[in-house]
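User: Please examine the model shown below and answer a series of questions about its ligand and metal sites.

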Amino acid sequence: MNQFEVTTLNEFILEQQAQFPNAEGDLSHLLHHVGTAAKIVNREVNKAGLVDILGNAGNTNVQGEEQKKLDIFANDHFINALHSCGEVCAIASEENESFILFDDDMARNGKYVFLMDPLDGSSNIDVNVSIGTIFSIYKRKSAIGEQATMDDFLQPGTQQVAAGYILYGSSTMLVYTTGQGNYGFTLDPSIGEFCLSHRQIQTPENGNIYSINEGNYLKFPAGVKQYIKYCQEKDASTNRPYSSRYIGSLVADVHRNLLKGGIFIYPETESAPKGKLRLLYECNPIAFIIEQAEGQATCGPQRIMEVEPTSLHQRTPFYAGSSNMVNKVEEFLSVFG
Ligand code: AHG
Ligand code: MN
Ligand code: MN
Ligand code: MN
């Protein structure tokens, strides 16, 4: 690709679709609307502080979290964009207790259900630190034309047809996969287009970064404590000690580690025995991207995408990133628990 050649997200989506002669273009159409919603949210994120979009919205979400104005803004815009595209029959969101059913002529026949964390890293919004959006797409199990049911959402991550994230950082990037590798697009504000910037993102099998909230150290499982000690020991042959990098926005921590190599850990703790991160709209989509980059993502004992979900907002421990680093922490968990 020469330096002047620009491939926009929409051109790329159509190129990918052309590789599947039987494709009808509905997933392409859906991904196009994800890109549009991302540009709208990006516009507000980029001028947050100048407009009344910072701070708390004054209510608590189903997670028991103080909702931020940008949580709600992002949620509303993704819901509207995906409703109007007509390819999605229902949406599940971190910010809504149950799923949102689209039961009108425009969307009732949508083939897909969409799950999202509309604004990830909310605690960082008001301090101008990178935040993100995470999304996961499944083919519905219920019949076209009927009302979507909870079973459409409670599918293991291995059934995802597409997943990705938007990172509102020093630049705004959209990274997604449909199972044929990961592709990264950087928003060029001068033309208002996401342009292909990262073809086939692969993560190194070893990395020198570990990402975990060490403030919870005393509450970690013994195996995690031992692994942190391992990361901090001096051993030139394995490039240790590693660097500790933790932003508090899953998308930003994962994206950095994906490109550079590293491991992200949010384990179960005494106060959060199931972990903190949500399986359906944080861990599964991130795991899809990481596995497509030849990394690994587990909940400790199991590949995260094989977990059979039982509820929309269920939480899970999460160990994800460079494959050899995930293997190593699993060794410590198997010995120390
Ligand atoms: P969200 O803002 O969507 O609720 O997600 C926050 C998550 C995730 O982005 C991040 O990795 C984690 O919370 C940070 O949790 P701690 O502040 O407990 O470390
Ligand atoms: Mn939240
Ligand atoms: Mn989140
Ligand atoms: Mn969120």
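User: Which element gives the largest share of the shell around ligand 1?

Analyst: This is a predicted model, in which local features need pLDDT of at least 70, side-chain atom pairs count only at pLDDT 80 or more, and totals for chains, interfaces and linings use all residues. Residues are numbered from 1 along each chain as its sequence is written, chains are lettered from A and ligands numbered from 1 in the order in which they are written, and side-chain values use heavy atoms, with hydrogens and water left out. Around ligand 1 there are 18 residues, the closest being Asp120, Gly121, Ser122, Tyr246 and Tyr266 (a residue is near a molecule if one of its heavy atoms lies within 4 Å of it). The largest share of this shell, 3 residues, comes from β5.

User: How do the residues of the shell around ligand 1 divide into nonpolar, polar and charged?

Analyst: Ala, Val, Leu, Ile, Met, Phe, Trp, Tyr, Cys and Pro count as nonpolar, Asp, Glu, Lys and Arg as charged, and the others, Gly among them, as polar. Domain 1 (9–199) and domain 2 (209–336) each supply at least three residues to the shell, the bounds coming from an automatic or database domain assignment. The shell divides into 6 nonpolar, 5 polar and 7 charged residues.

User: What share of the area that ligand 1 exposes when taken alone does the protein bury?

Analyst: Oxygen atoms of ligand 1 lie 2.6 Å from a side-chain N or O atom of tyrosine 246, 2.9 Å from one of lysine 276 and 3.0 Å from one of arginine 278. Taken alone, ligand 1 exposes 470 Å² (Shrake-Rupley method, 1.4 Å probe). Of that area the protein buries 87%.

User: Which residues are the protein donors of the manganese ion (ligand 3)?

Analyst: Donors are N, O and S atoms within 2.8 Å of the metal (3.2 Å for Na, K and Ca), and sites may look incomplete because water is not among the atoms. The donor residues of this ion are spaced D-x2-D-x161-E in sequence. Aspartate 117, at 0% relative accessibility, is buried, as is aspartate 120 at 5% (buried means under 20% relative accessible area, exposed over 50%, partly exposed in between, with a 1.4 Å probe and protein chains only). At 1.9 to 2.1 Å from the ion, the donors are Asp117 (OD), Asp120 (OD) and Glu282 (OE).

User: Which residue bridges the manganese ion (ligand 4) and the manganese ion (ligand 2)?

Analyst: The manganese ion (ligand 4) has Glu94 (OE), Asp117 (OD) and Leu119 (O) as protein donors, at 2.0 to 2.3 Å. These two ions lie 3.5 Å apart, while 5.3 Å separate the manganese ion (ligand 2) from the manganese ion (ligand 3). The residue that bridges ligand 4 and ligand 2 is glutamate 94.

Key: A polar contact is a pair of N or O atoms within 3.5 Å; within protein, one must be able to donate a hydrogen and the other to accept it, and residues adjacent in sequence count only if both atoms are side-chain atoms. Helices (H or I, at least four residues) and strands (E, at least two) are DSSP runs, numbered from the N terminus.
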